[in-house]
Amino acid sequence: MCGIAAYIGQKEAAPIILDFIKKLEYRGYDSCGIATLNGSLTYKKGTGKIDDVDQKINFLNLKGNIGIGHTRWATHGEPSDKNAHPHFSCEGNIAIVHNGIIENSEELKKILIKGGHEFRSETDTEVVVHLIEDLINEGNTMEEAFAKTLKLIQGAFAIVAMNKNEPNRLYVVKQSSPLVLGVGDNEIFVASDVLPIQLHTNKVVYLQDGDFAVVTNNDYKIKNLSEIKVNREITILSENLEEISKGDFEHFMLKEIYEQPESIKRAFKGRIDKDNAKFGGLNLNIDDIKKIKRVVLTGCGTSWHACLIGGYYIEEISKIAAQVEYASEFRYKNPVLGKDDLLIVLSQSGETADSIAAIQEAKEKGVKTIGLVNVVGSPIARMVDGGIYLHAGHEIGVASTKTFTSHLTALYLLSIYLGRINGNLSKEKAKEMLNDLENLPDKIKETFNSVEEIKKIANKYFKSKNALYLGRHYNFPVALEGALKLKEISYIHAEGYPAAEMKHGPIALIDENMPVIVIAPEDRLYSKVMSNIQEVKSRKGKVIVVTTDESKNGFDEIIKIPKVSEFLMPIISVVPVQLLAYYIAKERNCDIDKPRNLAKSVTVE
Ligand code: G6P
């Protein structure tokens with residue numbers, strides 16, 4: 001949520017910061033701004049997506065070798081010019097950008113207003129810059145004022161500040177929200193993640209919670225909130241920079257859907273060992289695994305849907321009890337956790353605030369934690385006891401696609417691994433399952449053969465106001481995911497249900513205007529799902545079936561998918577529902593990669 005960026009060095013700051021905030025736009029895109037220092041403090045900000053704002057106000061007119069920038073996802077205060085960052089002190093000497101939430105901003109604001117400070121925005125952020133100003137007016141240096149301010153604010157914050165009277169310094173802090181420094185030659189970059197930094201330098205410093213730093217063009221001094229100096233290692237990023245471009249695709253989302261045969265391959269590459277899976281960073285020894293009595297899987301959004309399927313895998317393949325929890329609910333139910341439990345956290349970004357809180361809850365209760373994360377070096381990847389990187393590559397489209405199938409691939413492998421070690425899965429079965437997985441990328445390619453059919457269906461139904469998605473067993477979470485994709489990018493109201501639950505309520509909604517998308521491969525519940533379909537047809541609902549069955553007709557529309565094992569079917573059946581959402585959103589002229597109100601990384605509760 002919100003992307004922040006800063007630069008200090010020999011080059012013009014504005015072009016670098018503009019490029020950075022564009023690359024961070026997946027974090028929020030309702031307004032943006034940049035400030036630079038060149039003798040005086042100048043800034044520009046506006047409401048809307050960065051390209052549109054830039055066209056209107058031309059950020060590159062800002063001059064100076066030091067600057068800060070921001071792309072916003074509104075929490076406190078509507079998206080507007082006045083609420084866009086940077087925010088400034090009353091006298092206009094200090095500027096800050098912030099990602100996160102200042103939870104005690106209301107109390108602080110009252111005190112500051114009493115003290116004569118004038119607020120120009122409705123944001124929680126603005127209290128920070130007035131606090132710094134207040135403390136400087138009391139005789140503190142900028143560094144002292146910044147450090148003291150950090151003790152007064154509560155919540156989640158990554159902040160960069162600069163002061164006109166100290167034109168060679170940036171002040172940064174990280175508490176819960178992510179922040180990375182990039183160390184170049186006589187220049188230092190700051191950003192919410194490494195994505196924009198990696199094009200300038202491969203040397204990065206991941207700041208940790210409580211770190212605050214004074215940054216010059218050739219040095220950075222990091223202290224913790226108790227003002228004790230701390231050393232943070234420089235991480236050298238791998239040389240294989242992945243190009244961030246849409247290639248020939250119109251949207252990142254479509255590109256990412258089509259990448260799935262390759263991204264899945266990367267999730268299992270090097271992790272198959274004849275009749276078992278193998279992992280490098282799981283950090284679970286055989287005795288630990290044998291003791292596991294229950295696995296708790298948690299995540300948010302699409303990652304939570306992947307958890308649901310993971311829960312089925314772990315019970316059915318490893319024969320270990322599995323429980324799935326929304327990360328946002330987990331800690332509030334004061335969960336009963338013990339040393340024989342294992343917490344598995346799924347996250348694309350590795351920085352979702354609720355998922356981080358779930359890990360903290362488990363750690364406090366002495367439970368081992370495993371992360372299945374895409375972004376290397378992200379906060380979740382660094383805080384768990386062990387993990388599996390997905391290697392799906394950058395996912396830029398806000399609606400997650402390839403991460404879902406990579407998560408399922410990793411969960412499938414993990415279930416095989418746990419099942420083999422605890423003796424609940426035979427060598428032969430494991431071998432067969434691993435072989436099935438190796439053939440999966442080609443099967444995914446076959447699903448793309450249905451794309452013309454999917455486009456026709458999208459063209460027929462894109463004006464619908466509602467849609468229902470049904471599935472059973474492994475394909476029930478796919479129904480949830482299909483409905484979520486449609487909601488996220490086309491703004492059509494959609495619900496996912498286990499097919500048999502439909503008659504307990506949703507059936508009341510069915511009439512000739514209701515498209516019902518049914519995920520119905522020929523599995524052990526196929527005949528039961530067919531009965532559920534008849535219940536829809538009898539009420540004149542329009543049935544769109546995603547099926548392996550070549551012979552079926554009598555439905556309004558059929559999307560054919562190839563046959564694979566029951567376990568792997570959700571990795572196949574989700575592809576047409578991703579494509580259907582995509583083409584419906586395209587028909588509706590929606591901004592597919594940047595859907596309204598959403599952000600890819602949700603770093604606030
Ligand atoms: C946001 C994104 C979703 C994502 C969810 C969880 O809501 O828009 O696409 O599934 O966060 O994110 P994570 O990075 O933890 O998987």
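Predicted model: local features only at pLDDT ≥ 70, side-chain atom pairs only at ≥ 80, totals over all residues.
**Exercise 1. Describe the extent of the interface between domain 2 and domain 3.**

Step 1. On the residue level, 24 residues of domain 2 are in contact with 23 residues of domain 3.

Step 2. In terms of area, the two domains bury about 2000 Å² between them, and 72% of this lies on carbon and sulfur atoms.

Step 3. Of the area that domain 2 buries against domain 3, His305, Tyr312 and Glu316 supply 23%, more than any other three residues.

**Exercise 2. Identify the polar and charged pairing across the interface of domain 2 and domain 3.**

Step 1. Nine residue pairs are in polar contact between domain 2 and domain 3, counting pairs with both residues at pLDDT 80 or more.

Step 2. The rule for salt bridges finds one across this interface.

Step 3. A salt bridge joins the side chains of Arg524 and Glu316, with an N to O distance of 2.6 Å. Glu316 also belongs to the trio named in Exercise 2.

**Exercise 3. Determine which elements and residue classes form the side of domain 2 that touches domain 3.**

Step 1. The elements giving two or more residues to this side are α7 (252-258), α8 (260-268), α10 (301-318) and α14 (402-421).

Step 2. The largest share, 10 residues, comes from α10.

Step 3. Sorted by class, this side of domain 2 has 15 nonpolar, eight polar and one charged residues.

Methods:
Residues numbered from 1 in each chain as written. Heavy atoms only, no water. Contact = heavy atoms within 4.5 Å. Buried area = accessible area lost by both parts, 1.4 Å probe. Salt bridge = Lys/Arg side-chain N within 4 Å of Asp/Glu carboxyl O. Polar contact = N/O pair within 3.5 Å; in protein donor to acceptor, adjacent residues only side chain to side chain. Helix = DSSP H or I, 4+ residues; strand = E, 2+ residues; numbered from the N terminus. Nonpolar A, V, L, I, M, F, W, Y, C, P; charged D, E, K, R; others polar.
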